[in-house]
Amino acid sequence: MTTRELVVMSVFGTRPEAIKMAPLVKALEAAEHIRSVVCVTAQHRQILDSVLQQFDIIPDYDLNLMRAGQTLTSITNGVLSGMEQVLVQAKPDIVLVHGDTTTSFAAALAAFYQQIAVGHVEAGLRSHDRYSPFPEEMNRTLTGRLATLHFAPTEQSRRNLACEGVTAGVYVVGNTVIDALHQMVLDEYTFRDEALRQLPLAQGRWVLMTAHRRENLGQPLRQICQGVRRMVAAFPDVQVVYPVHPNPAVRATVNEVLGNTERIHLIEPIEVEDMHNLIKRCTLVMTDSGGLQEEAPALGKPVVVLRTETERPEVVESGMAILAGVEEESVFQAGSSLLGDAALYHRMSHAINPYGDGHAAERIVKILQQFRETLAD
């Protein structure tokens, strides 16, 4: 039995990745016979840094890639070239990447080029449309082909991998975002964001909205916003809080359709702890985000998914989400059905969360410790 230390490098570059990888990084830091190394690409700089501060994570390596006007090609090139030097220096036994970002795919490819094992956290999600979400569907599919260990959040994710012929090294562990939620959500909580502190969240019903996905830019986002505006007009006790993504294309549409609209509050992006505690205090969530489809059900909040498909079908099948599409009428009807039908709302808010029990990071660490035993001295 080998007793040597396993060097585990966690690589991430965006805020959603950081939120989901942070509990795993902390668990790795506390684990026996494991040396945790963290590399951030900073594909998203400012909103990544706030999560690092929140979880007290100091990266060992920082590629600092974010540039104005960056493209998928420039991000991929930057990660590949930057990771080559990092991997040669750090010599990890395994590189952990998360989900479906360009950082994850390029870092996995860089590790493969160095013949270093890859562990894919949140493996097996599929929309089965290579261009939606773009580029995420191909990022996660290609990462899955490069990985040695696959940490699937659900049985459905495991089945997706099996359908692609991937059965070795697949483990169903739950989703690490539930671990993060359990650490952050408090019954008594004071928001850090000044705009949130000014909102009367204890009065009436509140809808948390986010929409920024690439395939929704332009007319789909316009339709979504028009549907939400109609919904608010139909329910006088309902207000919307919408942390607006900094992408100028998102802001232009959102401000045009929803700006200066009574009972719709457009605020700046908020930190992860504020977001998780805001979910807890809202009635329902309307989103095109992947992470919120997992986080809201864990807190008993129904979700209106503002997309035409989802790689998280479990949340729809469990009865905790409605796949609304991106047309004004369908968005209006989906939100209105939850706000206007108390029995439907009760049924959806009390369905069983499919994403685990908050111990995913612990399971992944145990699997990595077993992986350590397979390595030669």
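Residues are numbered from 1 along each chain as its sequence is written, and side-chain values use heavy atoms, with hydrogens and water left out. Because the model is predicted, local features need pLDDT of at least 70 and side-chain atom pairs count only at pLDDT 80 or more, whereas totals for chains, interfaces and linings use all residues.

Helices (H or I, at least four residues) and strands (E, at least two) are DSSP runs, numbered from the N terminus. Strand β1 (residues 6–12) and strand β2 run parallel and are joined by 7 bridges; strands are taken to pair if DSSP finds at least two bridges between them. Within this pairing, serine 10 stands opposite valine 38 of β2. Between β1 and β2 the chain passes through helix α1 (residues 15–30), and this β-α-β crossover is right-handed, that is, with the strands pointing away from the viewer, the path from the first strand over the helix to the second runs clockwise. Strand β2 also pairs with strand β3 (residues 61–62), in the parallel sense and over 2 bridges; here tyrosine 61 of β3 is the bridge partner of cysteine 39.

Strand β2 (residues 34–40) is largely enclosed by the rest of the structure, because 6 of its 7 residues are buried (under 20% relative accessible area, with exposed over 50% and partly exposed in between; 1.4 Å probe, protein chains only). Valine 25 lies in helix α1 and counts as buried, at 0% relative accessibility. Its C-alpha is 7.8 Å from that of valine 38, 13 residues away in sequence. Beyond its neighbours within four places in sequence, valine 25 is in contact (heavy atoms within 4.5 Å) with Ser10, Phe12, Ser36, Val38 and Ile57.

Threonine 41 is placed in the loop between β2 and α2 (46–55) and is likewise buried, at 0% relative accessibility. Not counting residues up to four places away in sequence, threonine 41 touches residues including Val11, Phe12, Leu63 and Thr103.

The largest nonpolar core comprises 65 residues, of which Phe12, Leu24, Leu96, Phe151, Val241, Leu278 and Leu368 touch the most other members. Such a core is a set of buried Ala, Val, Leu, Ile, Met, Phe, Trp, Tyr and Cys residues joined through side-chain atoms within 4.5 Å. Apart from this core lies another, of 32 residues, among them Val228, Met286, Leu306 and Val331.
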